[in-house]
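Grab a viewer and work through the exercises below. Try each task before you read its solution.

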Amino acid sequence: MSRLFPHPGLSALLIAMWVVMVNDVSFGTLFLALVFGIVVPIFTAPWWPGRPHVRFIPGLAYCGLVLWDIVVANFEVAAIILFKPNRKLRPAWLTIPLELDTPEAITVFAGTISLTPGTVSADVSACGKYLLVHALHATDPAAEVAKIKARYERRLKEIYA
Amino acid sequence: MSDAPFLVELLVSALIVLGASFALIGSWGMVRLPSLMERLHGPTKATTLGLGAMLVASVAWFQLAEGVWTTHEILVSVFLFVTAPISANMIAKVHLHRLRTGEPGEVRGPAGTPDAPPTGATWATYEAPHEGTPGDFVGD
């Protein structure tokens, strides 16, 4: 079983992507999806030797939270663009100390920060312990850092536990 | 025109107008914000909801008016959400690099140049990856 599906998550993702792309759930589609789901992980195995353990249910909850935050923050950024003059704007660089230590978790964290409007992740420190983030409007950078850490990093630590 | 119910047309039109408004606001942000890093916020952000609303409108139209499910919109949003942060990250990195090398014409924004991280190391853009850190491609 583990030789047929060395990476069950990737297999499931490939099958789902193929079905969604063909936009049809017939036998032929599912069969081809299954072939891809089995063959691609086996042939790409050298590129993911150490994969992280991901907890699925908190992961789904996290996606929901991020989607909701994207919608809310879009309105906030739209309000800033429309109504806040440049002289009142307080852009700032934030340095976020990372408690996450795997590359995958840090990547998801940085991606989340970029997707939620108002913040863009710009760089990671060479030691991998700090994330450089640009905020569009942050009057209190320390509070902003604390908010991001409490809202996203705490949850990601549970997902990539 | 079509013979879809009035409410369906109303819903789809509202979603399209909402999406278009966000795309327009994002473009306006690109024009009026002071420097590159701030401008990066406008289009990468307001566009996520702008495009999202358009895609929901597309799904709603095909399901409610034509009676077929389309799933391609899900793929569009997945690829958008995966690629958007990466392109924003690359632009930011190039900006940091050009600030450091003193490239003529690279405007320092109101946020200035970022401080170095509190420990001895610098930001990854400024040096080659070390062994044993994320991104070294050796132990990964």
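Here come a few ground rules, then the exercises with their solutions.

This is a predicted model, so local features need pLDDT of at least 70 and side-chain atom pairs count only at pLDDT 80 or more, while totals for chains, interfaces and linings use all residues. Residues are numbered from 1 along each chain as its sequence is written, and chains are lettered from A and ligands numbered from 1 in the order in which they are written.

**Exercise 1. Work out how helix 2 of chain A is laid out: its span, and which of its residues are buried.**

Step 1: the span. Helices here are DSSP runs of H or I with at least four residues, strands are runs of E with at least two, and both are numbered from the N terminus. Helix 2 of chain A covers residues 27-43, 17 residues in total, and reaches 24 Å from its first C-alpha to its last. That is close to the 24 Å expected at 1.5 Å a residue (1.5 Å times one less than the number of residues).

Step 2: the buried set. A residue is buried if 20 or more other C-beta atoms, placed from the backbone, lie within 10 Å of its own, exposed if 12 or fewer, and partly exposed in between. By that count, the buried residues of helix 2 of chain A are A:Ala33, A:Gly37 and A:Pro41.

Step 3: the face. Looking down the axis of helix 2 of chain A, the buried residues fall within an arc of 40°, so they line one face of the helix (the arc is taken over the directions from the helix axis to the C-beta atoms). An α-helix has 3.6 residues a turn, so residues three or four places apart point the same way.

Step 4: the other side. Turned away from the buried side of helix 2 of chain A are the exposed residues A:Phe27, A:Gly28, A:Phe31, A:Val39 and A:Phe43.

**Exercise 2. Describe how helix 1 and helix 2 of chain A pack, and what sits in the loop between them.**

Step 1: the geometry. The two helices pack at an angle of about 145°, with their axes 8 Å apart. The axes are lines fitted to C-alpha atoms over the stretch in contact, and angles run from 0 to 180 degrees between N-to-C directions. Helix 1 of chain A passes helix 2 of chain A in a right-handed crossing, meaning that the near helix is turned clockwise from the far one by less than a right angle.

Step 2: the contact. Residues are in contact if their C-beta atoms, placed from the backbone, lie within 7 Å. Helix 1 of chain A contributes residues including A:Leu14, A:Trp18 and A:Val22, and helix 2 of chain A contributes A:Ala33, A:Gly37 and A:Pro41 among them. The residues of this contact divide into 14 nonpolar, three polar and no charged. Nonpolar covers Ala, Val, Leu, Ile, Met, Phe, Trp, Tyr, Cys and Pro, charged covers Asp, Glu, Lys and Arg, and the others, Gly among them, are polar.

Step 3: the cover. Helix 1 of chain A is part of what covers the buried residues of helix 2 of chain A.

Step 4: the loop. A:Asn23 lies in the loop between helix 1 and helix 2 of chain A. A:Asn23 has a positive phi of about 60° although it is not a glycine. With 14 other C-beta atoms within 10 Å, A:Asn23 is partly exposed.

**Exercise 3. Find what chain B contains and how the two chains meet.**

Step 1: chain B has four helices and zero strands, and 26% of its 140 residues count as buried.

Step 2: the contact takes 39 residues from chain A and 45 residues from chain B. Helix 3 of chain A gives the most to the chain A side, with seven residues. By class, that side has 25 nonpolar, twelve polar and two charged residues.

Step 3: B:Glu127, in the segment after helix 4 (72-101) of chain B, touches A:Ala126 and B:Thr122, not counting residues up to four places away in sequence. B:Glu127 counts as exposed, with 10 C-beta neighbours inside 10 Å.
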